[in-house]
Amino acid sequence: MSTPVYFDCDTGIDDALALAYLVAQPHADLRGIGTVSGNVDAAQAARNTLDLLAVLGRDDVPVAVGEHDFLTHPYDGGAPHVHGANGIGGARLEAADRTVDGRSAAQLLVDLAHQHPGALRVVAVGPLTNLARALELEPRLPGLVASVTVMGGAALAPGNVSPVAEANIANDPEAAQAVVSAGWPVTLVPLDVTMAHVLEQAHLDRLAAAGQEAPRVLASMLGQYFEFYRDIFGRACSAMHDPLAVAVALGTAVPDAAPRVPVVVDTGDGPGRGQTICDLRGRYRGLADHPEATCRVVLSLGTDFAEDLTRALTAPVAATAAAGA
Ligand code: BDR
Ligand code: CA
């Protein structure tokens, strides 16, 4: 049985990998994509997404432009030092010959939730502004979706844009707090695991040498990302933040530890702004689920996800996943 999915992204190099991985999963039924400002602005993220979908043979998927500014503050120019000025590492994709959906991303999400009540899986790999706006639009949304999986936060690991904050959450902490407190089942896929699963040069070489266009296009984006991570890991390689969130959402990567615990986002103006404060005090007695918590926090994941991702992206089906498969 196929799983209807709404994907929210700020495309972005690892967002592009995540999207390619998502469309390569035969049991995922990608029903719509919303873009949000983060790595680039929401409009550029939509252009990148449309162009990549054309490469992936998925021109059937609606792409809606989401929020340009964050809930309480304006977008401030993104992360060109990480993802390049165009968000996809300077790769030049052929322009898709279609345009965006007329709805806002929040409206698209609400519409899909009503079309697939109780079944829609939401996967968010950018700032959570669109999801927060969708909650404002439709207060019944938490009861309509099956799950919300978020690439974001840092539980016990250090942050990546401050000592304690991860970029997606730090860009819009108020939106993140609205999402983690909405009562729907949220799974956070934080830096604790996304920095532990790394794409190495040998994986990149396999993407670059693949017979199909899609993995070669992805490889052409990754040079910039590999160089950014050279300073962080001491070698050219790449964390796999967003694809890992997709894999957790779809059950193709199964965490070893993902306790359900209280999570609060720091929305103050001090040095902790954007921190995901996860109550992991139970770790010394085995981290049982907290009875009232609605948020799972993925702490470890033992599979060789770099290999799984490379295989999925280079399998013949990755380039040709049929529309509506
Ligand atoms: C997250 O921030 C963005 O730069 C990436 O696309 C990923 O979603 C990692 O902190
Ligand atoms: Ca992202």
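Is alanine 46 buried or exposed, and what is its relative accessibility? At 1% relative accessibility, alanine 46 counts as buried, where buried means under 20% relative accessible area, exposed means over 50% and partly exposed lies in between, for a 1.4 Å probe and protein chains only. This is a predicted model, in which local features need pLDDT of at least 70, side-chain atom pairs count only at pLDDT 80 or more, and totals for chains, interfaces and linings use all residues. Residues are numbered from 1 along each chain as its sequence is written, chains are lettered from A and ligands numbered from 1 in the order in which they are written, and side-chain values use heavy atoms, with hydrogens and water left out.

- The side chain of aspartate 14 has an N or O atom 2.5 Å from an oxygen atom of ligand 1, and a polar side-chain atom of asparagine 39 lies 2.6 Å from an oxygen atom of the ligand.
- For histidine 83, the distance from a side-chain N or O atom to an oxygen atom of ligand 1 is 3.0 Å.
- On its own, ligand 1 has 280 Å² of accessible area, and the protein covers 95% of this; accessible areas come from the Shrake-Rupley method with a 1.4 Å probe, and for residues only the protein chains shown count as cover.

**Buried residues**

- Helix α13, residues 305-314, is mostly covered, with 7 of its 10 residues buried.
- The buried residues of α13 include Phe305, Leu309 and Leu313.
- Residues three or four places apart in an α-helix point the same way, because such a helix has 3.6 residues a turn.
- Alanine 46 belongs to helix α2, residues 42-55, and its C-alpha atom is 18 Å from that of valine 122, 76 residues apart in sequence.
- Cysteine 278 is part of strand β10, residues 276-278, and counts as buried because its relative accessibility is 14%.
- Between the C-alpha atoms of cysteine 278 and valine 263 there are 4.5 Å, although these residues are 15 residues apart along the chain.

- Aspartate 256 is in the loop between α12 and β9 (263-265) and is exposed, because its relative accessible area is 57%.
- Histidine 73 is in the loop between β3 (63-65) and α3 (80-83) and is partly exposed, because its relative accessible area is 24%.
- From histidine 73 to aspartate 256, the C-alpha separation is 37 Å.

**Backbone geometry**

- Most residues other than glycine have a negative phi, and most peptide bonds are trans.
- The peptide bond from threonine 11 to glycine 12 is cis, with omega near -5°, and glycine 12 lies in the loop between β1 (3-9) and α1.
- Leucine 287 is not a glycine, yet has a positive phi of about 50°; leucine 287 sits in the loop between β10 and β11 (295-297).

Methods
Polar contact = N/O pair within 3.5 Å; in protein donor to acceptor, adjacent residues only side chain to side chain. Helix = DSSP H or I, 4+ residues; strand = E, 2+ residues; numbered from the N terminus.
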